[in-house]
Amino acid sequence: MVRVRFAPSPTGKLHIGGLRTALYNFLYARHHDGDFILRIEDTDQTRKKEGAVQDIIDALHWAGLDFDEGPGKEGDVGPYYQSERKDLYKKYVDQLIEQDHAYYAFDTSEEIDQMRERLKKSGNPSPKYDSITRQSMKNSLTMPQDEVERKLENGDEYVVRLKVPRRETIRFEDEVRGYVSFESKGLDDQVLLKSDGMPTYHLANVVDDHLMNISHVIRGEEWLSSTPKHMLLYEYLGWEPPVMAHLPLIMSPSGGKLSKRKAEQEGIPINTVDYRELDYEPEALINFLAMLGWSPGDDREILSLDELTEEFSLERINKSGAVFNYKKLNWYNEQYMKEKSPEALLDRVREDAAEFGFDEVSDDYLLQIIPLMQERATRVPEIIEEGRFFFEEPEEYDEQAIKKWKDDSDELVKRFLEKVEQISETEFEAANIKQAVKEITDEKGVGFGKVAMPLRVAVTGQGYGPDLFPTIEVLGKETALDRIRRALQELG
RNA sequence: GCCGCGUUCGUCUAGCCUGGCCUAGGACACUGCUCUUUCAAGGCAGCGACACGGGUUCAAAUCCCGUACGCGGUACCA
């Protein structure tokens, strides 16, 4: 049974890198008919942010990545908040201590700082609390047992550290990178239990993955270096480690991990909710993110969540970091927008319209506008932003548009008015309006644009825009002709 | 610094495991053409890459070694 988990810490909004990690976990689970679990890694009480968990849940739901077990959706192995599992870890910590794989340490943070200072001065560039250093620190390995017991009874503050062996090669297989090995002498005696009684990530994630029957750990590459510590823990606890797969990082266009700071500098929205607020299509974001570090192996670019699920495999994940390409995301969004039915976009467009104060617009009217605009917009809000003339008379004409009103435009537009006035309200349709223009171009021997361009300017105030004749039809005879008469006055 | 991981067009990638089919394919972006009532979209074309150096081999983007560069880690953060 495949069981994977997405285990974010609730320190803020779910960022785009986290979403991709969640996506890969989701795809792997679904591909294998397995379970996708959400676990909240809130062992650092100081970094916890109000509302973060809800944001994560909402973001996953918006993206279509609903989990099978997690907060608010209890399975058999909960709770799904590590802070609520605090008591569970104690047992394993005791076991490790008893088996001499962990020990109590009473050093204050000042003392540890001093140790680091001292070692640095003597030429050690990266001082560690390790098999050598621990011999000169205050811990249950160096102190007489009765003193250790006294301290514990007194309630003195302590942490529990992993007793990393002095010389040992730790080798494990990563599904993405193949065999990876580390020398234990490069590791430090990682704190497992903090002085506030909370486990560190390293302990909690190993214990929870085991207790929750996680079969595959799919997480970011930033965890690769701490995996050997986790492997040691599995070994000491006598557990079979899950399959490991470390994902390449999402990089900023300027290089380096795409951090919040960098993203902001480069104008890239970093949180999932930002994309939701910008009104991107979640399918587009998902498709784009899936392709950042993975590919189906052929030339397909557009894949639905179902298709991604069908095709997904860990073997096809890339090893190197992928730069976030905002323009490509926009291209994806355009592709998905074009495919949507106008009805599917209606609710969102209506909201956008209301924001501009166009709140008494009928669905029927909106449904006429959407098809005209959706194929040329990058995001849904542009339908209204770029199509304001559908709701209000253009206040002024674009500078660029005015240039398209030429010397002979007056005459041609007047002729158009004469012809179109003859058309009845019910016959005021795109084809008939276009026919009128056609007749004028024939009779005056001018190009189509000669007539159409001034009309566009008159009706929309813009020199660009959707197909002109349906636009005029949608506006209706009265409105369209009023605008044309006004343009004749102002531009003529 | 040390440890680990990585390196194919500007970017995302296919190809690498199982050397020859690679004159290295696709997508985004960019440029031009085309279509067209405009701007887009679409169609067509162009630009553009195997980091470098050694091996191994009849043959290397593909296998091996080294160098350079990039990234990650180096906390009582995850």
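Trainee: Which domains does the domain assignment give for chain A?

Mentor: Bear in mind that this is a predicted model. The assignment gives domain 1 (3-71 + 203-248), domain 2 (87-193), domain 3 (260-337), domain 4 (341-388) and domain 5 (399-491).

Trainee: Let's take domain 1 and domain 3. How far apart do their C-alpha centres lie?

Mentor: The two centres are 20 Å apart. The contact between them takes 26 residues from domain 1 and 28 residues from domain 3.

Trainee: And how much area do domain 1 and domain 3 bury between them?

Mentor: About 2,300 Å², with 75% of that on carbon and sulfur atoms.

Trainee: Which residues in domain 1 lose the most area to domain 3?

Mentor: Ile16, Tyr24 and Trp62 do, and together they make up 33% of what the domain 1 side buries.

Trainee: How many salt bridges does the rule find across that interface?

Mentor: Zero salt bridges turn up between domain 1 and domain 3. The rule does find eight residue pairs in polar contact there, both partners at pLDDT 80 or more.

Trainee: Nice. Which elements supply the side of domain 1 that touches domain 3?

Mentor: α1 (16-31), α2 (52-63), β8 (216-220) and β9 (243-247) each supply at least two residues. The largest share comes from α1, with ten residues. By class, this side of domain 1 divides into 16 nonpolar, four polar and six charged residues.

Trainee: Where does Lys194 come in?

Mentor: A polar side-chain atom of Lys194 lies 2.6 Å from a phosphate oxygen of RNA strand B. For Ser295, a polar side-chain atom lies 3.3 Å from a phosphate oxygen of RNA strand B.

Trainee: Which element gives the most to the surface near RNA strand B?

Mentor: That's α19, with five residues. Among the elements that each supply at least two residues are β4 (159-162), β6 (178-183), α12 (326-339) and α20 (468-475).

Notes:
Residues numbered from 1 in each chain as written. Chains lettered and ligands numbered in written order. Predicted model: local features only at pLDDT ≥ 70, side-chain atom pairs only at ≥ 80, totals over all residues. Heavy atoms only, no water. Domains from an automatic or database assignment. Contact = heavy atoms within 4.5 Å. Buried area = accessible area lost by both parts, 1.4 Å probe. Salt bridge = Lys/Arg side-chain N within 4 Å of Asp/Glu carboxyl O. Polar contact = N/O pair within 3.5 Å; in protein donor to acceptor, adjacent residues only side chain to side chain. Helix = DSSP H or I, 4+ residues; strand = E, 2+ residues; numbered from the N terminus. Nonpolar A, V, L, I, M, F, W, Y, C, P; charged D, E, K, R; others polar.
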